[in-house]
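Please read the following briefing on a predicted model with the sequence and the coordinates at hand.

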Amino acid sequence: MTATAPHRPTAAEPSPPRRTASGTDLLNAVPATLSAAGRGADAADRDGRLAPETIASLTAAGFHRLFVPPERGGAGGGFATLVTAVAAVGEGCASAAWVAAVFANFGRLAGFLPPEGRRGIWGDGPDVRLVGAVAPTGRARPGPGGWLLSGSWRYVSGAAFSHWALLAGRTAEDGGEGVRFFAVPRHAYEITGTWSAPGMRGTGSDTVRVDEAFVARELSFPRRLAADGAVAAHPWLTVPSAAVTPLCFVAPALGAATAALAAWAQRLRDAPTRSTDAARVALARSMGEVDAARLLVDRAAATADLGRVGRPDAVRNARDSALAMELISTAVSRLYRLVGTSGQSEPRFQRPWRDITTAAGHALLDFEAAGRSYTEQLTTSPGAPHGARRDARSHRE
């Protein structure tokens, strides 16, 4: 099996006309995308995947183009743009927002490929949807001109609508074991429907399997390039993955929480005489926690948009993303407990709680791991996370 040609969209999953994208285009498209995501949310929750119409809306908005290099027709990056747009879509459907973030993130990671590999993926334009897996559960062995990749990768969100998958696999090279990413076109991998979590059901985070697929040398790169942010061609490639990847997974939850708080506030307005002091105080506390989470996420995105980010800021961004997720989960869980049995059966209360609870279990949003890394950096390099950091706001000013 060769990994050379991209999968083409079918009639059921249309792509917009080719053109140069921009971050402004994405933000301008958010209202229409939010509306489409909201209309499809019930069906996505029931069916375990997004509707083709929702995917078409995400594609037309340009989430997958956000970090595609401008020379390949992409939008040229912007982490603040990403979290703003993803969180907004999350107000209508957290699963749609999650898949949108996946398209953006793996489009960014594909930028670490050599120039020939980038041409192989985006040679016909930027409208290519990439998904993937960062856990190296596959293995590759060297072959003439490239690699032979085999393995299974679970939890590949949006796989059913992908054109390419960027999959991490272990390799034996230079006398030791390494980890590389491999870009595999749609015809070279099988998808098995294995996603059955109680929340984020519409993400279709199924299992991808590859059996001895040939991946050309130019369609692979060492994972350390993304981990270190070791490519200077574009600002979004100079940022370590730890500083930005968690943002992709907390932003959908931020949108879902915003929708849940709005629903709760409307409930109190609809029945003010039955509102208890406890309910009003709980709403105020939860709104404050979600506001604090948004500030953490916005600061992390602004820091990433500075370009070159060192380890002190990377571990702080990871800490802040995990802490934001904790705040969001606590805020929504508090209200869900108080809404009562009748309210807990309503989708406007139940689905955000299920989606956020599921999202909070993502490994990259584990505060214990993020906190340990942050404190280790703090104690081994005193003052670095704050003293050596360029503050994002003062940099802009």
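The accessible surface of the protein comes to about 16300 Å², computed by the Shrake-Rupley method with a 1.4 Å probe, and 54% of this area belongs to carbon and sulfur atoms. The model is predicted, so local features need pLDDT of at least 70 and side-chain atom pairs count only at pLDDT 80 or more, while totals for chains, interfaces and linings use all residues. Residues are numbered from 1 along each chain as its sequence is written, and side-chain values use heavy atoms, with hydrogens and water left out.

**Fold and burial**
- The protein has 14 helices and seven strands, taken as DSSP runs (helices H or I, at least four residues; strands E, at least two) and numbered from the N terminus.
- Of its 397 residues, 56% count as buried, that is, under 20% relative accessible area with a 1.4 Å probe and protein chains only.

**Aromatic pairs**
- The structure holds nine aromatic pairs, meaning Phe, Tyr or Trp rings (for Trp the six-membered ring) with centres within 6.5 Å; planes under 30 degrees apart count as stacked, over 60 as edge-to-face and the rest as tilted.
- W98 and F249 form a tilted pair, 4.7 Å centre to centre with 45° between the planes; because W98 lies in helix α4 and F249 in helix α7, the pair ties together parts 151 residues apart in sequence.
- W98 is buried at 8% relative accessibility, and F249 is buried with a relative accessible area of 8%.
- F181 and F221 form a tilted pair at 5.3 Å and 35°, linking strand β4 to strand β7 across 40 residues, and both residues are buried.

Key:
Buried means under 20% relative accessible area, exposed over 50%, partly exposed in between (1.4 Å probe, protein chains only).
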